[in-house]
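Colleague: Walk me through the labels on this model, please. I want the cut-off behind each one.

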Amino acid sequence: NTGGKTVLLKTAGLCSLMALHGLHVPASPDSRIGLFRSIAADIGDDQSIEKSLSTFSGQIVALNGMIEHSGKGTLVLLDEIMAGTNPRYGASLARAYLESLAASGALVIATTHYPELRNLPPSDDRFVNASVSFDVETLKPSYELAVGIPGSSYTFEIARKYGTRESVLTRALSLLSET
């Protein structure tokens with residue numbers, strides 16, 4: 001919720017491009033990096049009034065193109081996969097896209113807040129959970145990757161930090177406990 005996952009995606013993409021072009025990568029000497037024939041990314045928002053694309057439909061267009069052109073030797077970077085739609089439907093569509101990309105042989109790094117996608121790694125060994133460590137005291141990411149551990153959103157803590165009224169937070173928490 002404070003940019004740590006997006007920084008990780010951009011860093012992975014930039015380091016992969018640097019290695020591909022023979023540049024030194026800012027990493028420890030024992031680090032390993034893959035070499036990819038192509039890198040596809042959907043980071044940010046593809047809204048377009050001219051093309052009648054919302055955040056969601058813009059990502060659909062981008063993902064369909066990635067599925068069409070991805071395969072072994074492709075790195076796919078996806079920020080907030082299937083955001084901007086009904087969360088239940090978005091989570092199932094996100095899973096189907098991830099499974100399709102994995103079946104093509106592409107290596108995918110995807111960020112999400114969908115809890116349903118946390119269940120993917122235990123049931124499918126093509127997937128691994130990870131999170132970006134977060135300092136709860138400062139409400140800032142530490143930019144350290146924790147492989148094997150799904151992350152938390154810290155939704156209410158961050159909303160409070162950015163000035164959400166306590167009455168709104170209290171109501172949101174009461175609504176959450178009702179579901």
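Modeller: Start with a hairpin: strand 4 and strand 5 form it, with four residues between them. Leu 139 in the turn has a positive phi of about 55 degrees. Strands here are DSSP runs of E, at least two residues, and helices are runs of H or I, at least four, numbered from the N terminus. The model is predicted: local features need pLDDT of at least 70, side-chain atom pairs count only at pLDDT 80 or more, and totals for chains, interfaces and linings use all residues. Residues are numbered from 1 along each chain as its sequence is written, and side-chain values use heavy atoms, without hydrogens and water.

Colleague: What makes strand 4 and strand 5 a pair?

Modeller: Pairing takes at least two DSSP bridges. Five bridges join strand 4 to strand 5, which run antiparallel. Phe 134, for one, has Pro 141 in strand 5 as its bridge partner.

Colleague: Why is Leu 139 called buried?

Modeller: Buried means under 20% relative accessible area (1.4 Å probe, protein chains only). Leu 139 has 11%, so it counts as buried.

Colleague: And what of Met 82?

Modeller: Met 82 is at 0% relative accessibility, so it is buried. Met 82 lies in the loop between strand 2 (74-78) and helix 3 (87-103). Its phi is near 60 degrees, a positive value in a residue other than glycine. Most residues other than glycine have a negative phi.

Colleague: Why are helix 2 and helix 3 called roughly parallel?

Modeller: Angles under 35 degrees count as roughly parallel. The axes of helix 2 (residues 55-69) and helix 3 cross at roughly 20 degrees. Helix 2 and helix 3 are therefore roughly parallel.

Note on methods: Buried < 20%, exposed > 50% of the residue type's maximum accessible area, 1.4 Å probe, protein only. Axes fitted to C-alpha atoms, helices over the stretch in contact; angles between N-to-C directions. Parallel < 35°, antiparallel > 145°, perpendicular 65-115°, else oblique.
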